[in-house]
Amino acid sequence: MATPQSAPAPTPGPAPAPAPLVSLTWTDDVTGRRGFLVVDRLVRGVCSGGLRMRAGCTLDEVTGLARGMSLKEALHYDPAARYVPLGGAKGGIDCDPRDPEAYGLLVRFLRAVRPYVAACWTTGEDLGLTQDLVDRAAAEAGLVSSIQAVYPLLDDEAAARARLADAFAVEVDGIGLDELVGGCGVAESVLSALDREGTAYAGTRVAFQGLGTMGGATARFLARAGLSVVAVADVKGTIANPAGLDVEALLAARDGHGTVDRSALRPGDRELPGDAWLSAEAEVLVPAAVSYAIGVDEQARITARWIAEAANMPVLPEAETLLHARGVRVLPDVVVNSGTNAWWWWTLFGDIGADAQEAFAHTRRSMRALVERVLADADRDGTTPRRAAHALAGHRLPVITERFGQYR
């Protein structure tokens, strides 16, 4: 790791984002719990962003996530593609998804925001919710689909919906394609960064916070590429083995929330406190669980060279400034975890078909090109990868608006 003397100087954070188009807070009349919807911007009258459920979710959190979705959409803009990037949005519900009242709360929230889902907000799974659960709740709330707002933009709606349904039915080694493409994108981001600095995959160690949808798929792709997963944290604590964990055994032992059954551990696997993943002896950290996981105190424990943000907003800005100053590079969420969202639209608009290998190949090409561009821009400008990514998106957003308009 670079010393403080040789590391680049800290750079200021991104410029303040403009106010969102829509920001609402809903209070459930049954439980008193709150839900939030933020529409950051529209393209052709439509926006995209998942719906999360977690205890402690706030409007500020959802607002930041919605802005991130606008940036993710812009970063995948290809003038030659069928997929036209949408605006950014996000939904959030302040509830533990394990709570017995969680599903009823989800249905009531979707009923309350049904006009937005029907007209402009395309949504899907996010932290705490699976796509199957969102689909079931959307149907119970009287919606055709959680992404029905995009249907008028399709050339052939029936063919597009059939193609996406076929893609969601694809499984690879027991895991759905919809889960795997996101992990493929995160893994390819890490591999691109390692390739750029000439680091061999064999011998490179990775520690994870979270082994759910995104974390589990990323761990599989990195392990199969030859990296060693040495630590995994879930709600029960951290599982560690300096010689490498059996990723496939851990994936097979997960419950629906990504918690690993400890009876599947091998003799060499150790159980450590929940925050032990931060100080694991690893070259790469992958926070793939909650937002705001790495603050000023947490960053001081990190010895890794790279942090790949598989979760949304896991590194706080003040922590990232300190990490950058001592040579730890943060691959930002707006790049790293954008593959799932892009895959939905590549498939629906018809840039790719309902085929796993085609999906992985397209994801790898797109993510590698994006990561290499962002890192090259950051090196050229002497700034962080996050600022470089925001600058790139900032150049593309007005181009998209000029070409397609916000409301038409």
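Let's start with a sheet: 7 strands form an open sheet with mixed pairing, and their order is 12-11-10-9-13-14-15. Its edges are strand 12 (270–272) and strand 15 (329–331), each of which pairs on one side only. Going from strand to neighbouring strand in this sheet, the average turn is 20 degrees, direction ignored.

Please keep in mind that this is a predicted model, and a section on confidence follows below.

## Strands 9 and 10, with helix 7

Now to one pair within the sheet. Strand 9 (residues 205–209) runs parallel to strand 10 (residues 228–234), and 5 bridges connect the two. Helix 7 (residues 213–225) packs on the sheet and touches both strand 9 and strand 10. The direction of helix 7 makes about 170 degrees with that of strand 9.

How many residues of strand 10 are buried? The count is 7 of the 7, so strand 10 is largely enclosed by the rest of the structure.

## The protein as a whole

Stepping back, the protein contains 14 helices and 15 strands. Along the principal axes, its C-alpha atoms fill a box of roughly 50 × 50 × 40 Å. The radius of gyration is 20 Å, which agrees with the value near 22 Å that a compact globule of 408 residues would have.

The accessible surface comes to about 15900 Å², and carbon and sulfur atoms contribute 52% of it.

One stretch deserves a separate look: over residues 1–14, pLDDT stays under 50. For these residues the model has 29 contacts beyond four places in sequence.

Methods. Residues numbered from 1 in each chain as written. Predicted model: local features only at pLDDT ≥ 70, side-chain atom pairs only at ≥ 80, totals over all residues. Heavy atoms only, no water. Pairing = 2+ DSSP bridges. Helix = DSSP H or I, 4+ residues; strand = E, 2+ residues; numbered from the N terminus. Axes fitted to C-alpha atoms, helices over the stretch in contact; angles between N-to-C directions. Contact = heavy atoms within 4.5 Å. pLDDT = per-residue confidence, 0-100. Rg over C-alpha atoms; globule rule 2.2 N^0.38 Å. Areas by Shrake-Rupley, 256 points an atom, 1.4 Å probe, with all protein chains shown as cover. Buried < 20%, exposed > 50% of the residue type's maximum accessible area, 1.4 Å probe, protein only.
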